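Please open the structure in a viewer and keep the selection panel at hand.

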Amino acid sequence: MAEYLPLHDDGDAITRAASAAITGGQLVIVSGSGTVAPSTAASASWLGVAAFDGASGDNVTVFTSGVQRIPASGTVTAGQLVEGAAAGAVATHTNGTADYNVVGLALTTATGPALVEVKLTR
């Protein structure tokens, strides 16, 4: 059998200023010019997942691809598409409705506030 790499892609990371308090692992959205904040609902402006906690004004690293562990809102089932939700979490996406809001594909099943593994899309 031929070799195959990678098992997981480390993903891309960028730095942006927080425009609100952020907790590591939250889904963040673009909140202004060069700034990010935790998601509050489904949005096409999602950027990625915060690498660590930060207060408003702090620089925060954001992972923009790869497989990330994000808090679930409600129950998310493996194989479902997810979108942003309140408090930087993700919720099940309804297919055919604002599909541009899709954050990624759930790889595990979790009920909030437990973490769900999500393969980010872009």
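**Stop 1: a pair of facing residues.** Select Leu 105 and Lys 119: Leu 105 stands opposite Lys 119 in strand 12. Strands are DSSP runs of E with at least two residues, and helices are runs of H or I with at least four residues, both numbered from the N terminus. This is a predicted model, in which local features need pLDDT of at least 70 and side-chain atom pairs count only at pLDDT 80 or more, while totals for chains, interfaces and linings use all residues. Residues are numbered from 1 along each chain as its sequence is written, and side-chain values use heavy atoms, with hydrogens and water left out.

Stop 2: Now display strand 10 and strand 12 together; three bridges join them, and they run antiparallel. Two strands are said to pair if DSSP finds at least two bridges between them.

Strand 8 is joined to strand 10 by three bridges and runs antiparallel to it; here Leu 81 stands opposite Leu 105. Strand 8 (residues 81-84) also pairs with strand 9 in the antiparallel sense, over three bridges. Select Glu 83 to find its bridge partner in strand 9, Ala 91. Colour strand 10 by accessibility: four of its five residues are buried. Buried means under 20% relative accessible area, exposed means over 50%, and partly exposed lies in between (1.4 Å probe, protein chains only). In a regular strand the side chains alternate between the two faces of the sheet.

Stop 3: Strand 2 and strand 3 (residues 35-38) run antiparallel and share four bridges, with Val 30 opposite Val 36. Strand 2 is also joined to strand 4, by three bridges, again antiparallel.

Which residue of strand 4 stands opposite Leu 27? It is Val 49. In strand 5, Val 49 has Phe 63 as its bridge partner. Strand 4 and strand 5 (residues 59-63) run antiparallel and are joined by two bridges. Strand 4 is largely enclosed by the rest of the structure, because five of its five residues are buried.

**Stop 4: the nonpolar cores.** Show the side chains of Ile 70, Val 82, Val 90, Val 116, Val 118 and Leu 120, which touch the most other members of the 15-residue largest nonpolar core. A nonpolar core is a set of buried Ala, Val, Leu, Ile, Met, Phe, Trp, Tyr and Cys residues joined through side-chain atoms within 4.5 Å. At least two residues of this core come from each of strand 2 (27-32), strand 4 (46-50), strand 10 (102-106) and strand 12 (115-120). Strand 12 gives the most, with three residues.

Centre the view on Leu 120. Beyond its neighbours within four places in sequence, Leu 120 is in contact with residues including Trp 46, Val 49, Phe 63, Ile 70 and Val 103. Contact means heavy atoms within 4.5 Å. A second, separate core of eight residues includes Ala 18, Ile 22, Leu 47 and Ala 50.

**Stop 5: Thr 111.** Select Thr 111, which lies in strand 11 (residues 110-111). Is this residue buried or partly exposed? Thr 111 counts as partly exposed because its relative accessibility is 46%. Setting aside residues up to four places away in sequence, Thr 111 touches Ala 72, Gly 74 and Thr 75. The side chains of Thr 111 and Thr 75 are joined by a polar contact of 2.9 Å. A polar contact is a pair of N or O atoms within 3.5 Å; within protein, one must be able to donate a hydrogen and the other to accept it, and residues adjacent in sequence count only if both atoms are side-chain atoms.

**Stop 6: the whole chain.** Finally, zoom out. The protein chain has zero helices and twelve strands, and buried residues make up 39% of its 122 residues.
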